[in-house]
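Biologist: I'm new to this one. Could you show it to me and then let me ask some questions?

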Amino acid sequence: MAQSSETLSMLKFPVLIGDIGGTNARFALLVDSYAEPREFPIVQTADFANIDEAIQASILDRTSIMPRSAVLAVAGPIDGDEVELTNCDWVVRPLQMQRTLGLEDIVLLNDFEAQALAVVALGEEHMVKIGAGEAEATAGRVVLGPGTGLGVAGLIHAGRTWIPVPGEGGHMDMGPRTPRDFEVFPHIERIEGRISGEQLLCGRGLVNVYRAIAKADGTEATFTTPAEITTAGLAGSDPTAVETLEMFVTCLGRIAGDLALVFMSRGGVYLTGGIAQKIVEALKHPRFRAAFEDKAPHSALMKAIPIYVITHPLAALTGLAAYARTPARFGVETRGRRWTAA
Ligand SMILES: Nc1ncnc2c1ncn2[C@@H]1O[C@H](COP(=O)(O)OP(=O)(O)OP(=O)(O)O)[C@@H](O)[C@H]1O
């Protein structure tokens, strides 16, 4: 069973840190609390049957450093000793990992909790600012990331610590707003009859929007991958891809604005995940901030909130490293999510 640990004792070094997404898993080793993380090549989750094999083959077989602890961020609800990942087939079994990989101590966090930790750990040199607004140093923040899914977390400052608030905000309803939306939205693939943010704002969502626009216009949808659509959209070489990217950016602005209202995030909105950093130019178009700020009666408040795209390629790992080094800096509850060998 996962142990309760109200007062987080320090993790024993070396610490293995890992960010397990739906498509990619990224790992690094922290030898001690001062050394820079030692990074390893990114692993495709589909290439390994389970996480234990991925760690063994891509980390442990390539180094003589034996990690004693692990802090792993996973995309999926952490509940019990078997954690199923949302967008891939891996099941994380900490008790088994203690036996097979020789780890004494394992902490599991939500993947967007790790992204939230990264927002505190990274400096502005790892971000691109979109538009105006100034961050208030200890005000609430929002982290929002279109990737394989649509991840969301809040971040609040209280009791001199930063507290990440993981949630399932990517599954909030998303409705049509403009006359054009009303033409396109009926063709967007639904989940149990519903259009949630994640039906539009992730890799799969890009393809979904693209096909819906083609259907609304009676044209042929030739592209099949998110990268093809954003590449053609950014290059301006295909009108359906151009409109897809515009609609994606507008809908992302709307949902980012809603979340900023929920968390009163005067500390900023931070876009992370694989897609935002690839479409920075499209996010710089005024339509993105216009959709974000279009929140009457709070437009003036929204104008003052800065938005950043996190460009660090291993942002979540940076957050996990900061947490592993100084857990007391962060209000992360590990009860039911920490497995310490007796
Ligand atoms: N150039 C691109 N434009 C748009 N989407 C892209 C591009 N390249 C990759 N993608 C999509 O980005 C998604 C992967 O995002 P990311 O790198 O954040 O992966 P992840 O960490 O595994 O995701 P998650 O944490 O959401 O499960 C995939 O859906 C992929 O198709």
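Predicted model: local features only at pLDDT ≥ 70, side-chain atom pairs only at ≥ 80, totals over all residues.

Biologist: Which domains does the assignment give the protein chain?

Modeller: The bounds come from an automatic or database domain assignment. That assignment gives domain 1 (15–115 + 315–340) and domain 2 (124–310).

Biologist: How many residues does each domain put into the contact?

Modeller: The centres of domain 1 and domain 2, taken over C-alpha atoms, are 28 Å apart. Residues count as in contact if their C-beta atoms, placed from the backbone, lie within 7 Å. On that basis the contact takes 16 residues from domain 1 and 16 residues from domain 2.

Biologist: And which element gives the largest share of the side of domain 1 that touches domain 2?

Modeller: Helices (H or I, at least four residues) and strands (E, at least two) are DSSP runs, numbered from the N terminus. The largest share of that side of domain 1 is four residues, and they come from helix 3.

Biologist: Is helix 3 mostly covered or mostly open?

Modeller: A residue is buried if 20 or more other C-beta atoms lie within 10 Å of its own, exposed if 12 or fewer, and partly exposed in between, with C-beta atoms placed from the backbone. The buried residues of helix 3 include Phe112, Leu117 and Val119. With ten of its eleven residues buried, helix 3 is mostly covered.

Biologist: At about what angle does helix 3 run to strand 11?

Modeller: Axes are lines fitted to C-alpha atoms, for helices over the stretch in contact, and angles run from 0 to 180 degrees between N-to-C directions. Helix 3 (residues 111–121) lies across several strands, among them strand 10 (141–146) and strand 14 (307–310), and its angle to strand 11 is about 50 degrees.

Biologist: What is the strand order in the open sheet of six strands?

Modeller: Two strands pair if DSSP finds at least two bridges between them. Here the pairing is mixed and the order is 9-14-13-10-11-12. The edge strands, each pairing on one side only, are strand 9 (127–130) and strand 12 (161–166).

Biologist: What is the bridge partner of Ala153 in strand 12?

Modeller: Strand 11 (residues 150–158) and strand 12 are antiparallel and share six bridges. Within strand 12, the partner of Ala153 is Pro166.

Biologist: Which residues of strand 1 point the other way from Val15, Ile17 and Asp19?

Modeller: In a regular strand the side chains alternate between the two faces of the sheet. Strand 1 (residues 15–20) has six of its six residues buried. Opposite Val15, Ile17 and Asp19 are Leu16, Gly18 and Ile20.

Biologist: In which sense do strand 1 and strand 5 run?

Modeller: On one pairing, six bridges link strand 1 with strand 2 (residues 24–30) in an antiparallel run, and a hairpin of three residues joins them. Strand 1 also has six bridges to strand 5 (residues 69–74), with Leu72 as the partner of Gly18. The sense of that pairing is parallel.

Biologist: Which residue does a cis peptide bond join to Phe13?

Modeller: Omega of that bond is about -5 degrees. The residue in question lies in the segment before strand 1. Phe13 is joined to Pro14.

Biologist: Why does Glu192 count as exposed?

Modeller: Glu192 sits in the loop between helix 4 (179–184) and helix 5, and its phi is positive, near 45 degrees. Glu192 counts as exposed because its C-beta neighbours inside 10 Å number 5.

Biologist: Last one: which residues come nearest to the ligand?

Modeller: A residue is near a molecule if its C-beta atom, placed from the backbone, lies within 6 Å of it. The shell draws at least three residues from each of domain 1 and domain 2. Of the 20 residues around the ligand, the nearest are Gly21, Gly22, Gly147, Gly203 and Gly274.

Conventions. Residues numbered from 1 in each chain as written. Contact = placed C-beta atoms within 7 Å.
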